[in-house]
Amino acid sequence: MTVASGAESLLARLKVETRLQHTRAEDALPLLRPELTHGQYAALLAWQRARQAPLEAALGRVLRAALPPADWGALDLTGRLKTPLLDLDLRALEHAPLPNVLPPTWLTGEADAWGCAYVLEGATLGGQVVTRHLRRTGFPDNTLHFYRSYGEQVGPRWRTFGALLGARHAAAPDPATFAAQAVRAATLTFELFTHPGAPTETP
């Protein structure tokens, strides 16, 4: 499956119009600092899971209702879920999960879901860099399930995502509105995952 031109244009727009929020979210996470402790890392993962779990549940409900069976099967959202991987990492780090935040009220339509999914799927690309750094600084693989999700399938799954995004964008009754809603949802998703401050170790 190749990425259609419509996907390329929407992916490019998402990248450009959410660049500021993306940079802020990335800079707020001190994952590449050599002094990051296991306790700080565990606290960050627990914070991430509290947002990831309700977001993935909402995504599943919206996209399952919106997509035709063939597209739903091709997307394989179940195989893309990160909450189980976060649970594995937290157990290895002996850290309890935090209570889930409330699901976002803005995630109601298909375009919202694609914009949100763009952020979650894009994070798997950056996760490869994070994984290499954390391995070099002594974090064992049994604490890296979340950041090394997909393994060698990162590229193929991203291309599949882009192709489906492009097809759904092109098929929308109003592609311009679809794109604007997707950008807004991606922006809000980046804001949801922007850490409020330096991580602290929690019991």
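**Briefing: cores, pocket and cavity of a predicted model**

Glu 26 and Asp 27 are exposed (over 50% relative accessible area) on one side of helix H2, where helices are DSSP runs of H or I with at least four residues, numbered from the N terminus. The model is predicted, so local features need pLDDT of at least 70 and side-chain atom pairs count only at pLDDT 80 or more, while totals for chains, interfaces and linings use all residues. Residues are numbered from 1 along each chain as its sequence is written, and side-chain values use heavy atoms, with hydrogens and water left out.

**Helix H2**

- On the other side from Glu 26 and Asp 27, H2 has the buried residues Gln 21, Ala 25 and Ala 28, buried being under 20% relative accessible area with a 1.4 Å probe and protein chains only.

**Nonpolar cores**

- A nonpolar core is a set of buried Ala, Val, Leu, Ile, Met, Phe, Trp, Tyr and Cys residues joined through side-chain atoms within 4.5 Å.
- The largest such core has 36 residues, and Leu 59, Leu 107 and Trp 114 have the most contacts inside it.
- Two or more residues each come from helices H1 (5-17), H3 (38-66), H4 (69-75), H7 (110-136), H8 (154-171) and H9 (175-192).
- H7 gives the most to this core, with 8 residues.
- A second, separate core has 17 residues, including Leu 29, Ala 42, Leu 44 and Leu 45.
- Leaving out residues up to four places away in sequence, Leu 107 touches Leu 55, Ala 58, Leu 59, Val 62, Asp 112, Ala 113 and Cys 116; contact means heavy atoms within 4.5 Å.

**Largest pocket**

- A pocket is an open set of points on a 1 Å grid over the protein atoms alone, with protein on both sides within 12 Å along at least five of seven lines; its lining residues have an atom within 4 Å of a point.
- The largest pocket has a volume of about 820 Å³, volume being the space filled by probe spheres set on the points, which are joined across faces, edges and corners.
- Its lining comprises 31 residues, with His 22, Glu 26, Gly 122, Ala 123 and Gly 126 nearest its centre.
- Helices H2 (19-28), H3 and H7 each supply at least two lining residues of the largest pocket, and H7 gives the most, with 11 residues.
- The lining of the largest pocket divides into 17 nonpolar, 9 polar and 5 charged residues; Ala, Val, Leu, Ile, Met, Phe, Trp, Tyr, Cys and Pro count as nonpolar, Asp, Glu, Lys and Arg as charged, and the others, Gly among them, as polar.

**Largest cavity**

- A cavity is a set of grid points where a 1.4 Å probe fits but cannot get out, and there is 1 cavity of 30 Å³ or more.
- The largest cavity has a volume of about 100 Å³.
- Of its 13 lining residues, Leu 59, Leu 77, Ala 117, Leu 120 and Glu 121 are the closest to its centre.
- H3 gives the most to the lining of the largest cavity, with 4 residues.
- That lining divides into 8 nonpolar, 1 polar and 4 charged residues.

**Lys 82**

- Lys 82 is found in the loop between helix H5 (77-80) and helix H6 (83-92).
- Lys 82 counts as buried because its relative accessible area is 3%.
- Beyond four places in sequence, Lys 82 touches Gln 52, Glu 56, Leu 120, Glu 121, Thr 124, Phe 146, Ser 149 and Tyr 150.
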